[in-house]
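Work through the exercises below with the sequence and the structure at hand, and try each task before reading its solution.

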Amino acid sequence: MSMTSERELKNKYLDLLEQKYNHEEELATEIINLESVLELPKGTEHFVSDLHGEYESFQHVLRNGSGNVRVKINDLFKDELTNNEISELAALVYYPEEKLMHVKNQFDNRDELNEWYKVTINRLIKLIGYCASKYTRAKLKKALPKRYVYIVEELLYKRHEYNNKKSYYQTILNQVIELEQSDDLIIGLSYSVQRLVVDHLHVVGDIYDRGPHPEKIMETLTKYHSLDIQWGNHDVLWMGAYAGSKVCLANLLRICARYDNLDIIEDAYGINLRPLLTLAEKYYDDNPAFRPKKNAEKHINELEKIQITKMHQAIAMIQFKLEMPIIKRRPTFEMEERLVLEKTDYDNQTLNMNGTVYDLENTCFQTVDPEDPAKLLDEEAEVMDKILLSFQKSEKLRRHMMLLLQKGNLYLRYNGNLLIHGCIPVDENGDMEAMEIEGKSYSGRELLDQFEYYVRKAFEDKEVTDDIATDLVWYLWTGKYSSLFGKRAMTTFERYFISDKASHKEEKNPYYHLRENADMCRKLLNDFGLDPENGHIINGHTPVKEIKGEDPIKADGKMLVIDGGFSKAYQSTTGIAGYTLLYNSYGMQLVAHQHFNTKEKVLHDGADELSTRRVVDEELERKKIRDTNKGKAIQEDIDILKELLHDRYLK
């Protein structure tokens, strides 16, 4: 672009801005406002990871801000309220609708209830003022319950130096109670507190699979005021299926069957699995290797268990078949060893893997043609066509996948930190591993950028099911140079059919032991254009086994791993119920969560989950908005507005 056309484009942009700011005073006021905002303390960032469908645990962590709500209540009311009263107020903020019902049942006298309303509303107003102390009035206003903004603002900014308005404030509260608006106001105020204690939410991957309600988590995120998502391997699996990858679809159906979560597909997203059941009933019998994993919170009868077992086998065999053509047409994927159906001796029921012959057990090869093991039966192909069409026609699923696309990335550089679900593929020497895509070699950040490009490209044409884009989305799930998988091979076939557990081992990328080294972390931060001395890498994906002494804070604090086991399937090995991270203007704190009992325990006993906080970093000087990504964007706006002011008004 020539200098002349650049200048013309800039003038057009300034012309548009001038239409928004009609007068010099309006422009100056906006500059003053933005300059002032830069001096406010940075908002609190909240990091969660590996939610795996555990909606209730996620809701609790979200509602209590990883303990931040209770900290604020305690700071404000520690000299005014007892511990029990603090717990009661915290429970009200977390679950206002349910707690109100519980509280109201305790009062026989209407006057006593009305007095409780007055005291509680005043406490919540005071708490909102405290939580909003670092926000502008405009930002606070957006967080307030819309129906009661006027009332709340009047009560928030009341003054006691003069008694002129004392009866005015009393009348506001009395009228709220008399007109039976108290419950709605308290509910609105409680949600305002939740919103104010967390300025921005980071979801560092794996919302889907294993747990029972990923769709409810996604629905919550669609309404959240400020968030970003770093895709996890399980999220990309669902994205790939929606974008047209039948092998991704087969994988996620298999996982749902394995964890007895097929109702996510049928009930939550309205996708008909009857064709798969019909196929499974025709070809498969009971098989202990394919029984759904036990779920303590869910009871299924023997007939349902057998049906799921049959469907599990049917979709697993379809998956193994669908993988083979991709492996063969993409030699740069380097996955030839995963052509397991070709390596199987069907007469002797053995598998020759890398020169070792293994006996196979619990096999279910009824639909496999030994002469052409990749060939789908016509019935299998029809089943996948029907389910894929239903998958792409689900309106709720479309909304959730588009949220992942719009709010998500493969990695994110945010406020000096690198957020990534899995890993950055490296060799044993710590050098970036390269992969060839479409005739060109990529490594490090460039490789991840290519992966993300093709994920987005897969969405552009969902009718295409076998192009490089959909193949690479599947590769992200299972390939050895994938930043999301982070292992050399996925041994699903061996886990089903071979008893020798040595064959199940999945070798991790060297990243996972090299990330313990601070210099390695500095190198990675530098490669991603971040300050290696002040930045951190924030990871999920690999559960931290605290029960065995593993530390989530690694490499002298440069590496933070926050997958501690939200998923109940992992908690027996991790010993905790997940890690989360808080980053406010004073620094970073890692929060370790104990097992979340039930919402009822919180409501009735005031028994909040116990959280342990560890300081990761303390800022020598309190961080301001000007030090953040948002601050840099605001500064760019200021620079443009100043140019407009000088160009059009101060010549």
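Two residues are said to be in contact when heavy atoms of theirs lie within 4.5 Å of each other. The model used in these exercises is a predicted one.

**Exercise 1.** Find which residues Arg330 touches, leaving aside residues up to four places away in sequence, and decide whether Arg330 is buried or exposed.

*Solution.* Begin with the position of Arg330, which is found in the loop that runs between α17 (302-329) and β4 (344-345). Next, list its contacts: beyond residues up to four places away in sequence, Arg330 touches Glu438, Asp466, Asp467, Ile468 and Asp471. One of these, Asp471, also takes part in a polar contact, in which its side chain and the side chain of Arg330 are 2.7 Å apart. Finally, consider accessibility: buried means under 20% relative accessible area, and because Arg330 has 16% relative accessibility, Arg330 counts as buried.

**Exercise 2.** Describe where Gly43 lies, and state what distance separates its C-alpha atom from that of Lys623.

*Solution.* Gly43 belongs to the loop between α2 (24-37) and β1 (45-48). Its relative accessibility is 11%, so Gly43 counts as buried. With residues up to four places away in sequence left out, Gly43 touches Lys134, Asp199, Tyr583 and Asn584. As for Lys623, this residue is 580 residues from Gly43 along the chain, and the two C-alpha atoms are separated by 9.3 Å.

**Exercise 3.** Determine how far apart the centres of domain 1 and domain 3 are.

*Solution.* First locate the two domains: the domain assignment gives domain 1 as 3-39 + 629-649 and domain 3 as 66-197. Their centres, taken over C-alpha atoms, are then found to be separated by 39 Å.

How values were computed. Residues numbered from 1 in each chain as written. Predicted model: local features only at pLDDT ≥ 70, side-chain atom pairs only at ≥ 80, totals over all residues. Heavy atoms only, no water. Helix = DSSP H or I, 4+ residues; strand = E, 2+ residues; numbered from the N terminus. Buried < 20%, exposed > 50% of the residue type's maximum accessible area, 1.4 Å probe, protein only. Polar contact = N/O pair within 3.5 Å; in protein donor to acceptor, adjacent residues only side chain to side chain. Domains from an automatic or database assignment.
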